[in-house]
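Here's a quick briefing to read alongside the model. Have the viewer open and follow along.

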Amino acid sequence: PAEQVAPGPDKKTLVILGTGWGSVSLLKRIDSTLYNVIVISPRNFFLFTPLLPSCTTGTIESRSIMEPIRSITRHKEGIVQYIEAEAKDIDMNRRVVTVESVKHDDDIANGEGPLSIRTAEIPFDYLVVGVGAQNTTFGIPGVEQYGCFLKEITDAQKIRQRIMDRIEQAMLPSTTPEERKRLLHMVVVGGGPTGVEFAGELQDFFEDDLKKWIPSIADDFKVTLVEALPNVLPMFSKQLIEYTEKIFSQEKITVMTKTMVKNVTESTIEADVTTPSGERERQVIPYGLLVWATGNAARPLTRKLMSSIPAQKDSRRGLAVNEFLVVNGTDGVWGLGDCTATKYAPTAQVAAQQGLYLARLFNQLAKTEMIEQEIKDLEALAHHAVDESDRRALDSKIDNRTRVLRRNKMLMPFEYSHQGSLAYIGMDRAVADLAFGEGNYSSGGSLTYIFWRSAYLSMVFSSRNRLLVLVDWLKVKLFGRDVSRE
Ligand code: FAD
Ligand code: NAD
């Protein structure tokens, strides 16, 4: 890359929290020569979440959907500083973010533990909060301790390892038949797209590879999807919900709807099942692997912010923002993506469009400030001009720049354009609810699966990612998935 423009005291400092869909979309499009841009995130890479369920079974390798944040920053025209840390607090009065560096394995190995964690205060003029959300457990006992989530790359790696752990434990000669059944029971709680896609991927893994490599698990291996509502995938059209449930029954995935999990122990899930007669019945389900996918909750930083800003007192799910994505009750602080509570679903599609919008907004804002300064300078010159013709020429320039300024100041509010929803449901099938102009088009099946693959392949972050994902798919087609335990 060409030499980058360095930060300077004449520019405003823009701090961006997070390296997810929202923040990276903003970072990609912002003119970083106009600001001193500082990105703070505990994760030094962007993660392409739509293909994360595929990493739990090795259909795709983790690194194929990770893109180092440096590969983005080093191509920016203005230098962007990245700090690997977590924002712990935001002081709106002093306009500083307190950050805490990430704990590394060798810190722990050296016995330094939390002592090696450094904190620092980062001042900002403008701040963008894009810290995403964490998994919700609704406070249900045992979930945090015994379940696996599916949000980050480490979650997918843990699930992949745990699937093989349970299988190898089930195969030990000392394992009783009853215990083996339990160990091979893979339960997914939450019938939203995360739960559905993971269940589909896991059943594929079993059908395509595990059954061949370890035939003796065939009778006992079972995937169950548990959902509190009467059906899975509530955000999809009725036709696609029915199609998904039909395919799941062909795949032999057990779907338990109207089943609300209430408690989790080391080996069982306790749930209230609503029977066809409308009565509630407590069921105890033995399990080996539990994947918990019941949606989002606000992160501690978001909750702290919400409780410290009076205008946020009615916010529950996340930061309330106005139509320009300014965090209500703040000045010069914007919010985007899953950490905000808006009328839109918490999706990558929304976060990415908000990031793009903010990039345009910041580019415009800096230009406005530049023109304002230019007008001030011209006015000072005109004020001191001795020659009448010089003064008239300067006045005409001022008029011209004022017109440009007025145009530049016209900010449009954020508007979301929904492109549709896509989900993989296993057995080389996908469902899609697509938006076409004013109408909608729903489809499910193998062709939709080809569309799903090509759509995500075209959307992955870089050509490097694209090639890696293609190679992974090809590898699995040729040799099957890897069943070794890392
Ligand atoms: P994130 O992408 O979650 O990024 C948040 C960032 O903030 C991360 O970099 C994180 O490390 C960082 N961070 C966290 N805490 C702090 C802190 N204290 N200080 C600084 N930084 C912090 N959506 C779709 O539209 N289509 C899909 O197909 C799809 N598939 C999905 C599949 C899965 C398995 C999952 C879990 C989600 C999927 N989503 C999908 C939803 C989508 O991933 C999210 O809506 C999207 O990631 C939200 O973007 P974000 O930028 O708000 O947050
Ligand atoms: P979600 O909120 O969409 O679904 C969670 C499900 O869990 C709900 O149907 C809820 O009824 C159920 N549930 C909650 N508590 C329960 C309990 N105690 N017992 C049983 N079931 C319970 O969550 P998600 O699937 O993680 O998705 C989060 C966001 O990410 C959504 O906006 C989603 O659209 C998006 N996402 C999109 C895709 C895609 O487009 N392919 C994939 C994954 C995630």
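In this predicted model, the C-alpha centres of domain 2 and domain 3 sit 64 Å apart. The domain bounds come from an automatic or database domain assignment, which gives domain 1 (12-133 + 298-367), domain 2 (143-296 + 417-479) and domain 3 (373-409) for the protein chain.

A word on conventions: residues are numbered from 1 along each chain as its sequence is written, and chains are lettered from A and ligands numbered from 1 in the order in which they are written. Local features need pLDDT of at least 70 and side-chain atom pairs count only at pLDDT 80 or more, while totals for chains, interfaces and linings use all residues; side-chain values use heavy atoms, with hydrogens and water left out.

**Overall layout**
- Along the principal axes, the C-alpha atoms of the protein chain fill a box of roughly 100 × 60 × 50 Å.
- You'll find 14 helices and 21 strands in the protein chain (DSSP runs numbered from the N terminus: H or I of at least four residues for helices, E of at least two for strands).
- Of the 486 residues in the protein chain, 50% are buried (under 20% relative accessible area; over 50% is exposed and in between is partly exposed, with a 1.4 Å probe and protein chains only).

**Around ligand 1**
- There are 28 residues around ligand 1, and Thr 19, Gly 22, Thr 49, Asp 338 and Tyr 456 come nearest (a residue is near if one of its heavy atoms lies within 4 Å).
- At least two shell residues each come from helix 1 (21-29), strand 2 (35-41), strand 5 (80-91) and helix 11 (348-384), and helix 11 gives the most, with three.
- Oxygen atoms of ligand 1 lie 2.8 Å from a backbone N or O atom of Gly 22, 2.8 Å from a polar backbone atom of Asp 338 and 3.1 Å from one of Trp 21.
- Taken alone, ligand 1 exposes 1000 Å², and the protein buries 90% of that (Shrake-Rupley areas with a 1.4 Å probe; for residues, only the protein chains shown count as cover).

**Helix 1**
- Seven of the nine residues of helix 1 are buried, so helix 1 is largely enclosed by the rest of the structure.
- Those buried residues are Trp 21, Gly 22, Ser 23, Val 24, Ser 25, Leu 26 and Leu 27.

**Helix 14**
- Phe 479 belongs to helix 14 (residues 463-479) and counts as exposed because its relative accessibility is 62%.

Key. Polar contact = N/O pair within 3.5 Å; in protein donor to acceptor, adjacent residues only side chain to side chain.
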